[in-house]
Amino acid sequence: MKKILLSVMLVALFDATDAQMPVEQNIMLQIQQAEKLIKDNPTAATAAFDEILKGKNKKNPGILVEIGEAYLKAGNVDEAAKYAAKAKEADNKSAIAYLLSGDIYLAKDDASKASSEYNQAIYFDENCSDAYLKYANVYKGVNPQLSIEMLEKLKNKKPDDTRIEKMMGDIYYSMGKYKSAAEKYDTYMTNGTPSETDFARYATLLYLNKNYEKSKSIADRGLSVNPDNHVMKRLAMYNDDELKKYSEGLEIANKFFTNANDSDLVYLDYVYYGRLLASTNKYDEALTQYQKAITMDEQHPDLYKEMSGIYEKKRDFSNAISYYKKYIDGLEGKEDPSELFSYGRLNYYAASDSTDKAKQQLYLDEADNIFSKVAEKVPDNYLGSFWRARVNSLKDPETSQGLAKPYYEAALAILEKNPNSATSFKSQIIECNSYLGYYYYVKGDNAQSKLYWNKILEIDPQNKTAFKALEGIK
């Protein structure tokens with residue numbers, strides 16, 4: 001009885017193992033030959049496959065699956081499904097049969113049934129790596145976390161399968177988890193057999209993680225193999241700008257844009273080109289590139305801010321203000337005080353510019369309005385009142401009206417509350433006291449004027465202006 005049971009167990013074991021064994025090489029060659037006939041001579045292909053399936057091969061799930069895959073590759077999904085069904089009939093526990101069935105459902109855009117078939121393949125063979133990978137691939141765009149969990153299970157079983165790290169890296173990338181994606185790619189690039197595309201993805205991840213030095217190194221490595229790799233040239237350009245290697249970046253940018261198809265370009269390409277040009281003092285060329293970026297994608301008000309900065313470097317304050325205003329408007333009321341402050345300061349500089357006196361009053365009024373908003377938003381910060389004082393000092397250059405007085409007083413009151421004001425804000429305190437000292441001198445209030453000049457000497461005993469003022473009052 002024991003011998004009979006042992007015999008039955010051995011037969012069952014042999015059958016289960018044989019069903020999953022690779023197809024013999026000579027049969028594989030026959031299948032491959034027949035596969036070439038599927039599209040041009042389907043009748044001959046069918047006859048060739050029937051010949052292969054004669055005798056003991058008729059119920060060999062491995063052979064049936066290979067034939068099914070041949071039909072699937074040729075785009076004949078229905079015929080592929082017939083062979084998947086035959087493979088299941090031959091062995092209803094054949095993982096590869098369910099794997100093929102899953103691929104067929106995927107070809108029919110039925111992700112739900114495809115994942116169910118892959119799950120069945122795993123159930124019948126928990127070491128079926130392709131089933132885990134394909135299941136994860138189905139869900140990566142729908143439920144990426146589920147894909148990651150499935151890949152983690154496979155990793156526990158097959159820690160040396162580098163495909164796992166690559167797919168996890170790609171999924172984390174799609175989730176915007178660039179740090180995790182880069183970590184997976186680190187392992188894959190070291191232990192796997194990465195393609196040119198993989199190097200490009202790796203360099204991209206490093207760039208997104210602000211590891212510009214390493215990203216540039218990978219991009220350069222890729223370009224040494226293929227100097228025409230569009231993505232690698234893009235990343236080399238981006239990284240050079242971030243690393244402040246402007247001349248090198250400009251050189252690669254010129255190569256990047258030479259013969260580039262418009263369909264291959266994104267708005268950031270123009271932005272980085274513009275930045276590189278601006279950093280090498282080619283301001284007009286830079287502005288042209290920024291304009292192209294905005295034309296391509298108008299959803300980035302920060303580009304107006306960068307253009308404003310370039311116009312400011314050109315001392316073209318009119319355009320600098322115009323573009324910064326576009327930037328502020330694009331924020332739709334969500335601008336922070338520092339952004340308002342920068343806009344107000346631009347108007348102040350424009351008013352101080354001797355080449356545009358006709359608009360001085362307009363710029364001063366706008367600056368005064370903006371700095372009042374800054375003071376209102378951050379009442380404990382001296383900057384709003386301090387710069388409003390400067391604006392009103394320009395409005396009243398002879399200090400006859402004392403327009404700046406209340407704002408210098410407000411700024412000074414805030415500054416003096418800071419225990420480190422004498423060292424941290426020395427120049428600002430001196431400016432406030434200098435104005436107030438001069439204001440009271442003009443008004444003939446010498447006692448009050450001396451008070452402010454002496455305050456300056458308390459923090460700057462060698463201040464020549466204060467000494468001279470006090471001597472004049474005597």
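The structure holds 28 salt bridges, each defined as a side-chain nitrogen of Lys or Arg within 4 Å of a carboxyl oxygen of Asp or Glu. This is a predicted model, in which local features need pLDDT of at least 70 and side-chain atom pairs count only at pLDDT 80 or more, while totals for chains, interfaces and linings use all residues. Residues are numbered from 1 along each chain as its sequence is written, and side-chain values use heavy atoms, with hydrogens and water left out.

I'll start with Asp103 and Lys134, which pair at 2.7 Å, N to O. Asp103 sits in helix α6 and Lys134 in helix α8, so the bridge ties together parts 31 residues apart in sequence. Helices here are DSSP runs (H or I, at least four residues), numbered from the N terminus. Asp103 is buried at 15% relative accessibility, and Lys134 is partly exposed at 28%. The cut-offs are under 20% relative accessible area for buried, over 50% for exposed, and partly exposed in between, with a 1.4 Å probe and protein chains only.

Next, Arg390 and Glu431, whose closest N and O atoms are 2.7 Å apart. That pair links helix α22 to helix α25, 41 residues apart. Arg390 is partly exposed at 22%, and Glu431 is partly exposed at 22%.

There is also a network of salt bridges linking Lys166, Asp170, Asp198 and Arg201.

Now backbone angles. Most residues other than glycine have a negative phi. Asp109 has a phi near 65°; it lies in the loop between α6 and α7 and is exposed at 72%. Arg315 also has a phi near 65°, lies in the loop between α18 and α19, and is exposed at 52%.

Methods
Helix = DSSP H or I, 4+ residues; strand = E, 2+ residues; numbered from the N terminus.
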